[in-house]
Each structure stands twice: as structure tokens, then as C-alpha cells.
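These are my notes from one sitting with the model. I wrote them in the order in which I looked things up.

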Amino acid sequence: MEALRLLLRDLWAEKGRNALVALGVTWGTLSLTLLVSFGWEFVAAMNQVAANYGRSILRVSSGFTSAPFEGLPAGRFVELGQEDADLIGRAVPGLRGVSVEHSRMLGNPARYRDRQLNATLIGVEASFGELRNFRPEPGGRFIDREDERLNRRVAFLGHRVRDHLFGEEDALGETIEVWGQPFTVIGVLARRTVLTNNNGEEPDKIAIPASVYRELTGRQRAEFLVVSLRDPAEEQRVERAIRELLGGRHRFDPADEDALDVFSVIELEQMIGTITSSNRALVVVVGLLGLLVAAVGVGNVIFLMVQERSREIGVQIAIGARPRQVAAARLVEGLALTLSGGLAGMLVAAILLELAATIPMDPEARAYLGTPRVSFGVAGAVVLILMTVGGLAGWLPGRRAAALDPVVALREE
Amino acid sequence: MKMIQMEGVSKDYQVGGAAVHALSEVGLAIGAGESVALLGPSGSGKSTLMHLIGCLDTPSRGRYRFEGREVGRLDVNALAALRCATFGFVFQRFHLMPRATAWENVAMPMRFAGVAPAERLRRAAALLERVGLADRAEHRPSELSGGQQQRVAIARALANQPRVILADEPTGNLDSVSGAEVVALLGELHGEGRTIVTVTHDEAIAARAQRVIRLLDGRVVADDSG
Ligand SMILES: Nc1ncnc2c1ncn2[C@@H]1O[C@H](COP(=O)(O)OP(=O)(O)OP(=O)(O)O)[C@@H](O)[C@H]1O
Ligand SMILES: [Mg+2]
């Protein structure tokens, strides 16, 4: 108690400079915490946006041959379908999965009670949900193998389709009419931001099982074959394998680039990877520099303050203090000063980030910026480091002053 | 054997390569309960001798035994413990902690001795009462007169009930009235059986001690028991 009183008293007596030190620690903790929180959250949000599209996706679509092949003329249309997807799935190693994506833009009347809408209809396999990261809102689910096997009339709605047809009402389990046929709503796409779109935006689409789509529309043609790689580095090999495989089946030259249109998000993914890792490196470098500046400043002031008191320390030694006791008191003082400053910094950072989270913002922008929260790990590490510096800056000169001859301290004017 | 026993004690200081002989070949014995004045002109080595007696420093040559223990052989911590338990120091310039209150100053040596906080408070209050400053307990040194500061310093010197009080020109910075109060207090402490060593160059103060040891150029030139 008395030790605490004396500590506070000593701190209060030098309140100007101690406040400066504490403020320095507060500022250091605050700025580093904010820097890292924003920086990390931005990186995480970017990665999330990239992951939302699905990882390492190749999107294969039909093209026209540009050269004659095995006696066949140039300019033939290569029509893709379910069998091509199945073949790729069986014959190309290193894939996480394959799905057809049939697609019909607009002109697909969907109806619920008195409300109706022309939506884009897509027919996909159960694996599509995983591949393209079509996560349902809570309570719902994506199309599964059972739906496929039993040719179930089930629909997974983009959230804007749901909003239009159902408004505030719950869509799950309800029956809507698509092309005059009843479909049960099994899930609604959760809100998210994606890197790229094809044939309109996902929230405006209705997904149904591929087999049902073919039956309903009478169209066999797949708009896309969605292929996901286990290892993005295998992009070249997988693309070549697909061209050879489909070239054999549809009789075109695998070297004929125009026969298939292969769109890859892998480059985009890698670009984002580069951005995010350099962003991370920048945060680390700037953070470490800031930490260094804060540590040097804080350490210096504490060091000088203790050094100025070497005469007092000498007197304490003279009247019976052990050197270790005196050094320990300075250590505790340095720790207390930096700890209080650090806690204040954490608190302010938490409040600021809380406020930042309430700023109204376009959801797209929010998706890329994320909602940073205080990283207590980082804040704690910063405070610990500054405490170490503060403690040492108190302890070292304290120990040195305590080791001096007390007689010298007593003689000093 | 006397409590304080010095044989052939010298103390040299190195100043810019040259040796200053602050004390030369001092032989001295002071018994428990004595009241001694160290008298001499400035630079004669009074403070140096007092520091040696109080174990603030160790001799360059010769032997100093305190209660039979060879002081020169003790390490820093043992010296600190000995000072803490045995000696009470009073300095010419008071040397109080400027940011601490009177009672905190008095309690400080007890903290070094590991006395429990409640006991420290109780004893500090009693000591301030004894030096007539009970009503100044919460004052800081800068809020006290020189005489009051020196009385706080005496209370601090008494904190751990030392057997020896060492006072280095305790009245040197005081007016005659405050000085007389301080001298009277030291006299009382001697009356209680403590050993008192007072450094002074004031013959009148020295005259009040039982024994006067005169120093000149680092040597004991006279030792009279009055
Ligand atoms: N730490 C030191 N370093 C160098 N020289 C010292 C030191 N302490 C004392 N001296 C020298 O030793 C001699 C004796 O000093 P001391 O302080 O003991 O004298 P004193 O009798 O107390 O004098 P005063 O009455 O002025 O206080 C002086 O010449 C002084 O300069
Ligand atoms: Mg002196």
C-alpha cells in the first residue's frame, strides 16, 4: 500500500514528464494497434473476397475451332455438356471438383403468389456449391446429391430474387413457380462480394439441379464447366489436359486455342495474394519502425529521469537500502508508467475501432476494407515490448546509481 | 573489545591520477554508549572517518572491526544490512527524499528493513511525535524549515532503532535556535544509551560530548575524554 502510494507520489511529482512518457506509450500502442488492425483486416477482407468466388477456378466454355482438323472444317462450334464435365472429373487428376453450369439469362418467369420476376436461371451440380462457395443464409442449404438423384424440383435463390419475390417473408420451404413448374425453395445465397461475375450477378440468379434444368428447358448445352484445382500451380497442366481430353472427344486440335475458352481466376488470385502479402510486409515494417521510435523515446525519457535521481538513490543506499531494492523500485516505476500508458492506448484504440465500425459505408467498400477490431494480441505485444523497454530504462540506471559509492552521492552538491 | 575498533586505518582517494590521503593510520576505539565528537578544520577527514565508522565505505588499508566483525570483508548487501539495522545517519544537508512526506521519509528505512506497513506507520508517527513534528507528518521537505527537516532526518535515523547515531555537522545549515534543539535531541538519544558520533567544527558543540577526537590532515591529533 505504502509502496504504491510512494510510487504514485513519485509519478505525480514528475507529472509533466511522466505524462509525456505515458502519452508516448499510449500513442505508440494506439497507432500500432490501429495500423495493424486496419492493415490485417484489409488483407483478411481481400482474401475473403477472393475466397468468395471459390478457390483456383478455371471456367471452361465453348468456342469455335479456328483450323481444320482430321478432315473436319474450321469454324465448328464445340458444344459442351454434362458428359464433358463427367469426363474431366474422371480423367484429370489434381482437381477439387467439376460442375456443369447451364445458364439462361432472363426470360425465365418466376412467380410467388402475386409477385413475379424474370430471373437468370442456372442449372448446376451439387458440387457447385462448394466449388463456387455458394453459402446459404442460416437455415438453408445448397442443392445436394439427393436432389440430383431424385430429380427434385428445388431452387436456391439469389438474395435479390428472394427480396423481390418474398420481401420480408421467409422463403425457405415455400413453393415458387419457375417456367410454370413448382419448385421448393431450399436456400438463399448469403450476401457477399465476389471478384467477378458471369451472365449477370449472383444475387439475381435462381439455381436448380442441372438435370432438372435440362429436363425443363430441353437444352443440353452447358454454358460453363466449372473446374477447381487443388494446386493453383498446376493451372497449365490441367488446362492442357482438359484441351487434350475434350479435343479427343469433340475432335479438335488441342493446340487450337479458340476451340475452348478457358477463363482463369488464378492470376487474379495470385495478384491479390501479392497485394496482400506486400501489404502485410508494409504493415510489419512500418509497425516495427513505429515501435522502435516509441521504444527509443519512452526508454530515453525514463532513463534520464532515473539518472537525475542518482543522488536520491545514493542517499537511500546510505541509509540502508540494498542496491537490488532500489533498482527494483525503479523497475516497477518504469513498468507501471508504460503499462498505464499502454492500457490507455488499447482502450482508445478499441473505442476508435468501435466507432469506425458504426460509420455507414457502401457494403462493397466494407467488404474490401473489412471491419477491423482491436487485435489484443498485437496491442498486448506492443505494450509488453514498451514495458520491457520502460522497465529496463528504469532498472539499468537505477542499478547503476545504486552500485555507485554512496559517499560520492552524499558529497555531491 | 570495544564496539568500534580501528587499527591503522587509512583512506586514499584517487583524484586525477594523484592519491589524496583523506585518513592516515587512524587507530580508534569507541565503546557502546559513548558520546563522541569528531572535531577538526575543513578537509581534515572528519566526514571520511564518519563514513568509515558507518560502513558507508571501507578502509584502503588497516582494519576496522564493528562488534568484532571485519567490515572490510563484508559485501555490498551485508554492508547495507548492517547500516540499515545498526546505524542512523544525520547529514548536514538533511538529504530527505524531496517528493515524500515527512512520515514517508521516516518510514523509508523500515521499508528497507522489511518492517510490516502497519508497523511502519505506527512507528513513524511515534517518531515524529518524539521530535515534535506530529502535526507535520503530511508535509513535504520543501514545506518544512531547516530545523524541522533536520528533526525529520533524526526521526528517520531512529527508524530501525539503531545502536549508533552518526551525525555529520547536523547543525551546519541551521540557525542557532534550531541547532540547539537538534543538539538537545542528540543529547537525549545519548541519555537513552545510544552511541553518538557527532562531526563538527564547533568547539561549543564538541564540548557537550563525553569525548572529543581532534583530526588534522587525516590524523588523530588528540583524543580527550572530558
Ligand atoms: N570521494 C572523494 N574523492 C576525492 N577526494 C575526497 C573524497 N572524499 C573526501 N576527499 C578528500 O579527503 C579529504 C578529507 O575530506 P573530508 O570530507 O573527510 O573532510 P572534512 O573534515 O569532512 O571537511 P569538511 O569540514 O569541509 O566537511 C579532503 O581533502 C577531501 O577533498
Ligand atoms: Mg565533512
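How many salt bridges does a search of the whole structure find over all chains? I get 42. The model is predicted, so I read each of these as a computed feature of a prediction.

**Entry: strands β1 and β4 of chain B**

I started with B:R65 and B:E7. Their side chains meet in a salt bridge, with 3.4 Å from N to O. B:R65 sits in strand β4, residues 61–66, and B:E7 in strand β1, residues 4–15, so the bridge ties together parts that are 58 residues apart in sequence. B:R65 has 17% relative accessibility and counts as buried, because the cut-off for buried is under 20%. B:E7 is partly exposed at 37%.

Next I took B:D12 and B:R61. They form a salt bridge too, and the closest N and O atoms are 2.8 Å apart. B:D12 belongs to strand β1 and B:R61 to strand β4, so this pair links parts 49 residues apart in sequence. B:R61 is partly exposed, at 40%.

I noted one general point beside these pairs. Side chains of opposite charge can pair when their charged atoms come close.

**Entry: a bridge between two loops**

I went on to B:R163 and B:E67. Their side chains meet in a salt bridge at 2.8 Å, N to O. The pair links distant parts of the chain, 96 residues apart. B:R163 lies in the loop between α5 (146–157) and β7 (164–168) of chain B, and B:E67 in the loop between β4 and β5 (69–70). Are these two buried or partly exposed? I find B:R163 partly exposed at 38%. B:E67 is partly exposed as well, with a relative accessible area of 40%.

**Entry: where chain B meets chain A**

I turned to the interface. How much area do chain B and chain A bury between them? The value is about 2700 Å², with 56% of it on carbon and sulfur atoms. The contact takes 29 residues from chain B and 28 residues from chain A.

I checked the charged pairs across it. The rule finds 1 salt bridge between the two chains. It joins B:R99 to A:E312, and the closest N and O atoms are 2.9 Å apart. I also counted polar contacts, and there are 7 residue pairs between chain B and chain A, both residues at pLDDT 80 or more.

Which helix gives the most to the side of chain B that touches chain A? Both α2 (76–86) and α3 (102–113) of chain B supply at least two residues each. α3(B) gives the most, with 7 residues.

Salt bridges that share partners join B:R99, A:E312, A:R309, A:R330 and A:E333 into one network.

**Entry: positive phi in chain B**

B:E25 has phi near 50°. B:E25 is in strand β2, residues 18–30, and counts as exposed at 54% relative accessibility. For B:C55, phi is near 60°. B:C55 is placed in the loop between α1 (46–53) and β4. At 0% relative accessibility, B:C55 counts as buried.

**Entry: A:I266**

I moved to chain A. A:I266 lies in helix α9, residues 266–308. A:I266 is buried, with a relative accessible area of 0%. Which residues does A:I266 touch, not counting those up to four places away in sequence? I list A:S56, A:I57, A:L58, A:L229, A:P232 and A:E235. I also checked A:S228. It is 38 residues from A:I266 in sequence and 10.0 Å away, C-alpha to C-alpha.

**Entry: a nonpolar patch on chain A**

My last stop was the surface. A:L347, A:V348, A:I351, A:L352 and A:L355 form a nonpolar patch there. Together they have about 440 Å² of accessible area. I looked up A:L347 on its own. A:L347 lies in helix α11, residues 323–358, and is exposed, with a relative accessible area of 55%.

Methods:
Residues are numbered from 1 along each chain as its sequence is written. Chains are lettered from A and ligands numbered from 1 in the order in which they are written. This is a predicted model: local features need pLDDT of at least 70, side-chain atom pairs count only at pLDDT 80 or more; totals for chains, interfaces and linings use all residues. Side-chain values use heavy atoms; hydrogens and water are left out. Patches are made of residues with over 30% relative accessible area and no salt bridge: like charges are joined within 9 Å, nonpolar side chains (Val, Leu, Ile, Met, Phe, Trp, Tyr) within 5 Å. Accessible areas come from the Shrake-Rupley method with a 1.4 Å probe; for residues, only the protein chains shown count as cover. A salt bridge is a side-chain nitrogen of Lys or Arg within 4 Å of a carboxyl oxygen of Asp or Glu. Helices (H or I, at least four residues) and strands (E, at least two) are DSSP runs, numbered from the N terminus. Buried means under 20% relative accessible area, exposed over 50%, partly exposed in between (1.4 Å probe, protein chains only). Contact means heavy atoms within 4.5 Å. Buried area is the accessible area (1.4 Å probe) that two parts lose on being put together, summed over both. A polar contact is a pair of N or O atoms within 3.5 Å; within protein, one must be able to donate a hydrogen and the other to accept it, and residues adjacent in sequence count only if both atoms are side-chain atoms.
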